[in-house]
Amino acid sequence: IHFLIAAGDPFMFTGVGNMVVDMYSKCGRIEDAKKVFDGLLRKDVISWGALMTGYGQHEAGPQSIQLFEKMINEGLKPDKVAFACALKACAKAGVLGKGKLIHMCVVKTGHDSLLMIADALMDMYGKCGHLENAYDIFEKLQDKDVLSWSAIISVHVDNGHCEEAFLLFENMQKKGFDPDHITFACMLKACANMEYKRYGEFIHSRIMKRGIDSDVFVGNAMVDMYAKMGDLFAAIRVFESLAQRQVVGWNALMWGLSELDMNEAALQFFQKMQFQDLQPDHFTYVSVIKSSSNIADLSTGRLLHICIISQGFESHMILENTLIDMYFKCGFLAKGHEMFDTLLMRDTVSWNILIAGCVHHGCGEKALEHFRQMQVEGIHSDGATSVSILKACALIGALFKGRLIHDEVIRCGLICRAF
């Protein structure tokens with residue numbers, strides 16, 4: 001169809017070009033979408049939004065943010081789709097500063113009252129560890145819907161506030177909102193995090209009664225929950241009961257096996273998945289690279305890296321971070337540093353991996369140097385960062401610096417003062 005359009009002067013109408021960009025984006029052909037976008041004689045806000053959506057769907061957050069900034073610089077006013085895509089990208093990259101600037105633009109343009117934008121804002125603040133900001137947005141919403149409740153529950157679960165998530169889940173139902181598949185998936189994750197197996201089984205039974213157990217999203221969450229609780233038999237039973245074992249289902253099981261430190265089994269399932277003629281996605285590679293890291297299997301990790309490049313997944317931030325972690329854990333420090341230095345955008349996880357890698361190999365001074373640079377770049381630090389920095393201080397005997405970090409950790413409420 002694109003060929004036929006192109007034969008008749010394809011970009012006479014921007015709308016036609018926009019549809020082609022959208023088509024390629026949704027089919028995972030992001031490079032083709034970019035080529036069509038670049039060839040448009042006139043680009044409107046829909047053109048930019050279509051490509052940003054494509055980048056967002058394929059975990060290319062940095063490119064999505066860059067597109068948003070370029071669109072602003074060219075004098076175009078973002079619409080709700082562009083704002084939502086940019087906020088989603090900021091959430092994935094953990095770039096709070098840019099997220100706050102976009103929030104200000106949202107308020108100025110009057111988009112903050114839209115549920116779609118409010119959900120994206122909650123997600124962004126939640127992913128950046130600012131739970132209070134997320135909850136404040138939720139509280140100010142006049143017309144909450146199931147998606148809004150699911151979004152704030154998800155934010156609490158992702159930030160480790162699972163008890164509050166259970167209370168929100170109950171409150172949601174008291175106010176007459178019926179949980180949907182997204183809500184149930186969030187609650188299954190909360191049960192997994194808290195190891196509430198009985199409550200998880202209760203949620204499972206409700207899902208069965210509602211007839212949504214065939215939903216891929218819910219099915220994967222159930223596999224993940226049982227695997228994290230160590231009930232591998234139940235995890236495999238749910239996996240095998242899935243009507244369609246798509247890549248997402250395989251990913252959930254392999255991730256669960258990896259989390260249980262059953263790394264060889266995870267790699268074997270990866271081989272089985274390939275025998276089913278299923279194409280691995282970037283999440284698949286995250287799981288199997290993690291398994292390679294856990295057993296310090298550098299040769300398998302490097303082969304997987306080659307596969308990632310051949311499939312065009314190398315620009316996905318989550319994969320780049322996982323690869324850097326693999327190289328550090330396998331003792332290939334030079335490659336880990338090289339990959340980190342070439343990242344288009346570095347999020348909290350990227351810095352945590354770099355700092356933890358330095359600490360693991362006894363480079364305390366280097367870890368502190370990277371931490372200072374992380375602060376200079378305005379990247380949000382979390383509990384994992386603090387743990388690594390405290391270890392670095394212990395390595396080099398930096399007591400004063402360690403106490404400062406300890407006080408900061410207490411201020412953030414990550415631990416209680418022990419003295």
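At what angle do helix α12 and helix α13 pack, and how far apart are their axes?

Modeller: Bear in mind that this is a predicted model. Helix α12 covers residues 181–194, and helix α13 covers residues 197–210. The two pack at an angle of about 160°, and their axes lie 9 Å apart. An angle over 145 degrees counts as roughly antiparallel. α12 and α13 are therefore roughly antiparallel to each other. The crossing of α12 past α13 is left-handed.

Now the side of each helix that takes part. From α12 come Phe184, Met187, Leu188 and Cys191. They meet Tyr199, Gly200, Ile203, Arg206, Ile207 and Arg210 of α13. Sorted by class, this contact holds seven nonpolar residues, one polar residue and two charged ones.

Next, the connection. Glu195 sits in the loop between α12 and α13. Its phi is near 55°, a positive value in a residue other than glycine. Glu195 counts as exposed because its relative accessibility is 60%, and the cut-off for exposed is over 50%. Tyr196 is in the loop between α12 and α13 too. At 30% relative accessibility, Tyr196 counts as partly exposed. Leaving out residues up to four places away in sequence, Tyr196 touches Glu163, Phe166, Cys191 and Met229. Cys191 is also one of the α12 residues that meet α13. Along the chain, Met225 is 29 residues from Tyr196, and their C-alpha atoms are separated by 9.6 Å.

Helix α11 (residues 162–174) packs with α12 at an angle of about 145°, with the axes 10 Å apart. This crossing, too, is left-handed. On the α11 side the contact uses Cys162, Glu163, Ala165, Phe166, Phe169 and Met172. On the α12 side it uses Thr183, Phe184, Met187, Ala190, Cys191, Asn193 and Met194. The classes here are 10 nonpolar, two polar and one charged.

With a relative accessibility of 6%, His156 counts as buried. The cut-off for buried is under 20%. Not counting residues up to four places away in sequence, His156 touches Leu131, Tyr135, His161, Cys162, Glu164, Ala165 and Leu168.

The axes of helix α18 (residues 282–294) and helix α19 (residues 298–310) come within 9 Å and cross at roughly 160°. That makes α18 roughly antiparallel to α19. Their crossing is left-handed. Tyr285, Val288, Ile289 and Ser292 of α18 make the contact with Thr300, Gly301, Leu304, Cys307 and Ile308 of α19. By class, there are six nonpolar and three polar residues, with no charged ones.

The loop between α18 and α19 holds Ala296. Phi of Ala296 is near 50°, again a positive value in a residue other than glycine. At 43% relative accessibility, Ala296 counts as partly exposed.

Ser315 lies in the loop between α19 and α20. Its relative accessibility is 29%, so Ser315 counts as partly exposed. Setting aside neighbours within four places in sequence, Ser315 is in contact with Gln63 and Glu320. Pro62 is 253 residues from Ser315 along the chain, yet their C-alpha atoms are separated by 9.1 Å.

Last, helix α6 (residues 80–93). At 1.5 Å a residue, its 14 residues should span 20 Å, and the end C-alpha atoms are 20 Å apart, which agrees. α6 is mostly covered, with 10 of its 14 residues buried. These are Ala82, Phe83, Ala84, Cys85, Ala86, Leu87, Ala89, Cys90, Ala91 and Ala93. Their cover includes α4 (45–57), α5 (61–73), α7 (96–108) and α8 (115–127). It also includes α20 (317–329) and α22 (348–360).

Conventions. Residues numbered from 1 in each chain as written. Predicted model: local features only at pLDDT ≥ 70, side-chain atom pairs only at ≥ 80, totals over all residues. Heavy atoms only, no water. Axes fitted to C-alpha atoms, helices over the stretch in contact; angles between N-to-C directions. Helix = DSSP H or I, 4+ residues; strand = E, 2+ residues; numbered from the N terminus. Parallel < 35°, antiparallel > 145°, perpendicular 65-115°, else oblique. Left-handed = near helix turned anticlockwise from the far one by under 90°. Contact = heavy atoms within 4.5 Å. Nonpolar A, V, L, I, M, F, W, Y, C, P; charged D, E, K, R; others polar. Expected span 1.5 Å × (residues − 1). Buried < 20%, exposed > 50% of the residue type's maximum accessible area, 1.4 Å probe, protein only.
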